[in-house]
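This report looks at the salt bridges of one structure. View the sequence and the fold first, then read on.

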Amino acid sequence: MVQCAEIAEHPRLRAWARSFQSLASYWTGDYRRAADHARAGYEDGRGPGSGTLTARLLSLEARALAAGGDSRSALRSLALAHEARAIADLDELPGVFTFPEAKQWTYTGTTLLAIGGDEQVQRAITASTRAVELYQTGPEDDRSPGDLHAAHLDLATAYLANGQVDVASAELDTVLVATQYTASITIRLRKLDTLIASGPYRDSRPLVDRREHIHEVTSRPTITSTPTEPR
């Protein structure tokens, strides 16, 4: 994809392609490379006409940096991502090339959870709740069931961190009613299952029942992601 963009001599398309390289590295656990790809895309795509692309790349960088343990840099990139959206012009590339606000709040919640600590967990709850609200009320073309699942799973994780087992269980139930999941949501569900198993609530009856459900749904075949699904 990057090579096609280079042949076309289209820096914005090349920057967008870098975002997919970043996503691929992130989901294989290579967080440093994920951050590097996002940063390279930002350098390619910044400037007039970049629209929401800059916010996308900075959000990807922030999420990867947080997952890699660089909390300070992650918070800086996260702040820059929201500044970029505030001043974004019209997207040169429409449709799947845009970065909906709801998706940005989903990435924000995931980033803040990865950083951790009471303050950031509370901020994550606010961010993920905002993502859910926007996905439920925003334009239909911007709605992504997968990203909505991601936001609910982040809320479940955050509420568990706060000791709010019943609220966390309710958020998890919202996801477990689905019949199919993208690969990234399956990964998130398995990580949440591991967190529950190693936490102080592993013997809680509601969570034991939900872990059984997680094991059942994550054994199903995943569906192929599209550019509008979470990464």
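Asp36, Arg39 and Glu61 are linked in a network of salt bridges. A salt bridge here is a side-chain nitrogen of Lys or Arg within 4 Å of a carboxyl oxygen of Asp or Glu. By this rule the count comes to 10 salt bridges.

The model is predicted: local features need pLDDT of at least 70, side-chain atom pairs count only at pLDDT 80 or more, and totals for chains, interfaces and linings use all residues. Residues are numbered from 1 along each chain as its sequence is written, and side-chain values use heavy atoms, with hydrogens and water left out.

Three of the pairs are set out below.

| Pair | N to O distance |
|---|---|
| Arginine 39 and glutamate 61 | 2.6 Å |
| Aspartate 154 and arginine 188 | 3.2 Å |
| Aspartate 173 and arginine 210 | 2.8 Å |

Where do these residues lie? Helices are DSSP runs (H or I, at least four residues), numbered from the N terminus.

Arginine 39 bridges to glutamate 61. This pair links helix 3 (residues 31–45) with helix 4 (residues 53–67), 22 residues apart.

Aspartate 154 bridges to arginine 188. Aspartate 154 lies in helix 8 (residues 145–161) and arginine 188 in helix 10 (residues 183–198), so the pair ties together parts 34 residues apart in sequence.

Aspartate 173 bridges to arginine 210. The two sit 37 residues apart, in helix 9 (residues 165–176) and helix 11 (residues 205–217).

Now for accessibility. Buried means under 20% relative accessible area, exposed over 50%, and partly exposed in between (1.4 Å probe, protein chains only). Arginine 39 is partly exposed at 33%, while glutamate 61 is buried at 9%. Aspartate 154 and arginine 188 are both buried. Aspartate 173 is partly exposed at 30%, and arginine 210 is buried at 17%.
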